[in-house]
Amino acid sequence: MDANSTPLVLRRSLLSAATGLAIAATGRSRPASASLGREYMLAAFPSNAPLVGGGRPHTSVWTYDGSVPGPVLRVRQGEPVRIVVHNELDQDTTIHWHGIRLPIAMDGVPGISQPPIRPGESFVYAFTPPDAGTFWYHPHANTLEQLGRGLAGPLIVEEMEPPPVDRELIWMIMDWRLGANAQIEPGFGNRMEAAMAGRIGNTVTISGIVPSDEPVLTGERVRVRLINAALARIIALRFEGHRPVVVAVDGQPCDPHEPANDRLVLGPAMRVDIVLDMQGELGRRYAVVDDFYDGLGYTLTHFAYDTMASGGRRPADMPLRLPRNPLPEPDLKSAEQRELVLQGGMMGGGGMGDAGDMQGMGRAVWAINGMSMTGDGHAGIAPLAMLQTGRSYILRMRNETAWWHPMHLHGHSFRFLRRNGATIPNSIWSDTVLMAPRDAVDVAFVADNLGDWMLHCHVTDHQTAGMMAIVRIGDIGGKQ
Ligand code: C2O
Ligand code: CU
């Protein structure tokens with residue numbers, strides 16, 4: 001990277017001398033002058049968190065600013081934000097701003113978009129989010145362990161005109177494998193798990209605690225920002241006695257609609273914004289159930305109604321539609337199609353041979369079009385696809401494996417066109433699309449963001465065991 005180009009890598013001493021004092025308490029935004037936008041400081045370091053609560057021991061975790069999840073970063077659509085990230089872990093890290101359409105140098109992929117942030121060093125991320133919505137941030141270095149030990153936080157880009165709701169909740173859902181004394185079990189990167197569903201835990205938290213009740217008032221309208229920040233767990237939520245209306249998927253507004261089969265399905269990294277009209281009975285509790293895995297359903301939390309109704313009043317037919325984000329509309333007529341075939345895993349087909357042989361440590365067990373990129377990102381790997389800047393593309397992804405994969409493309413949002421030939425209703429845009437075994441999906445987007453972008457499965461074990469590739473967007477000259 002050109003030494004003159006931002007971002008700067010600052011030594012710790014330099015950082016505290018130069019900017020440490022200028023930035024107020026960590027994790028809190030400092031309203032800088034309007035033109036500068038907001039500024040945050042985030043430090044990654046080990047700490048403890050009362051995940052299970054109830055007088056049980058605290059869990060040793062890795063945190064941003066001492067909390068799990070990390071602080072809610074709130075920024076405004078179209079306003080610059082600057083985030084100084086300081087690494088107080090004993091290993092390299094980076095932060096990826098999941099779903100934000102930003103310049104490649106801010107994308108947080110070590111060896112590809114930036115050098116890793118070494119222990120004791122800092123890195124300044126600066127970007128202007130073009131889209132309002134629900135996003136999140138997480139490391140892109142040793143992701144299995146760093147995300148698995150708690151490094152993740154919500155990144156909320158506020159609409160210029162926020163929709164009229166009485167209240168907003170952020171439910172950042174994380175999944176932990178806890179053993180005795182509520183401590184995280186070791187064994188990240190187990191090869192057998194990596195070839196199956198990934199590291200699914202035994203403890204689910206909402207915003208850092210095993211939830212008990214969510215207090216609500218009859219008559220209020222609540223926006224819930226759901227973020228699945230699990231390593232591998234897919235969730236499917238049902239709201240007993242309530243009719244959630246989906247207003248955004250992966251941060252991007254959609255036609256307001258009720259979810260198919262009254263079930264909200266979120267793979268790892270996916271977000272859904274819902275609006276709930278709280279019309280339950282005074283004093284009653286209503287279960288929120290996650291029943292994604294057959295026979296393993298459980299009650300995640302309850303809406304617990306107060307015995308008093310909300311005093312709030314709002315127009316009965318208040319619109320639920322969020323303002324559209326400035327996404328470039330792909331031209332489907334001229335779009336070129338590229339096929340990406342997901343291969344490998346246990347019981348899988350598709351040219352990975354017998355992935356059941358787990359002896360060869362470090363061997364990839366997954367592939368896309370026969371290519372396996374492992375880890376979190378590294379230099380020197382040939383791109384899987386080269387796309388011409390400004391042109392529209394349809395990616396046809398085919399899952400030849402026996403497992404589910406939430407497929408994520410960095411730096412872009414794509415229009416979700418079809419699943420297994422059926423048109424997707426409600427104008428869904430997303431950055432992560434969940435594919436069931438044998439699914440084929442078509443997504444379309446304009447390759448308008450220059451750089452080498454990661455395309456990978458967000459089941460972190462799958463990503464690090466080969467289900468990852470680079471999509472290069474640039475001036476490739478002529479037809480590629
Ligand atoms: Cu949240 Cu490379 O991804
Ligand atoms: Cu996967």
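This report describes a copper site, a pocket and several aromatic contacts in a predicted model.

The copper ion (ligand 2) is coordinated at 2.0 to 2.1 Å by ND1 of His 405, SG of Cys 457 and ND1 of His 462. Along the chain, these donors follow the spacing H-x51-C-x4-H. The pair His 405 and Cys 457 links distant parts of the chain, 52 residues apart: His 405 belongs to strand β26 (residues 405-409) and Cys 457 to strand β32 (residues 451-457). Both His 405 and Cys 457 are buried.

The largest pocket has a volume of about 800 Å³. It is lined by 27 residues, of which Ala 260, Arg 263, Val 265, Phe 416 and Arg 419 are the closest to its centre. The lining comprises 17 nonpolar, five polar and five charged residues. Strand β30 gives the largest share, three residues.

The whole structure contains 10 aromatic pairs. In one of them, Trp 97 and Tyr 137 are tilted, with 5.6 Å between centres and 40 degrees between planes. This pair joins strand β7 (residues 96-98) to strand β9 (residues 133-138), with the two residues 40 apart in the chain. Trp 97 counts as buried because its relative accessible area is 0%, under the limit of 20%. Tyr 137 is likewise buried, at 0%. Trp 97 and Tyr 137 also belong to one aromatic cluster, together with Tyr 64, Phe 123, Tyr 125 and Phe 127.

Two arginine residues lie over aromatic rings, as the table shows.

| Arginine | Ring | Distance from ring centre |
|---|---|---|
| Arg 149 | Trp 62 | 5.4 Å |
| Arg 199 | Phe 188 | 3.8 Å |

Terms used:
Residues numbered from 1 in each chain as written. Chains lettered and ligands numbered in written order. Predicted model: local features only at pLDDT ≥ 70, side-chain atom pairs only at ≥ 80, totals over all residues. Heavy atoms only, no water. Donors = N, O, S within 2.8 Å, 3.2 Å for Na, K, Ca; no water. Helix = DSSP H or I, 4+ residues; strand = E, 2+ residues; numbered from the N terminus. Buried < 20%, exposed > 50% of the residue type's maximum accessible area, 1.4 Å probe, protein only. 1 Å grid on protein atoms, 1.4 Å probe; cavity = no way out; pocket = protein on both sides within 12 Å on 5 of 7 lines; lining within 4 Å. Points joined across faces, edges and corners; volume = space filled by probe spheres on them. Nonpolar A, V, L, I, M, F, W, Y, C, P; charged D, E, K, R; others polar. Phe/Tyr/Trp six-rings, centres within 6.5 Å; stacked < 30°, edge-to-face > 60°. Lys NZ or Arg CZ within 6 Å of the ring centre and 35° of its normal.
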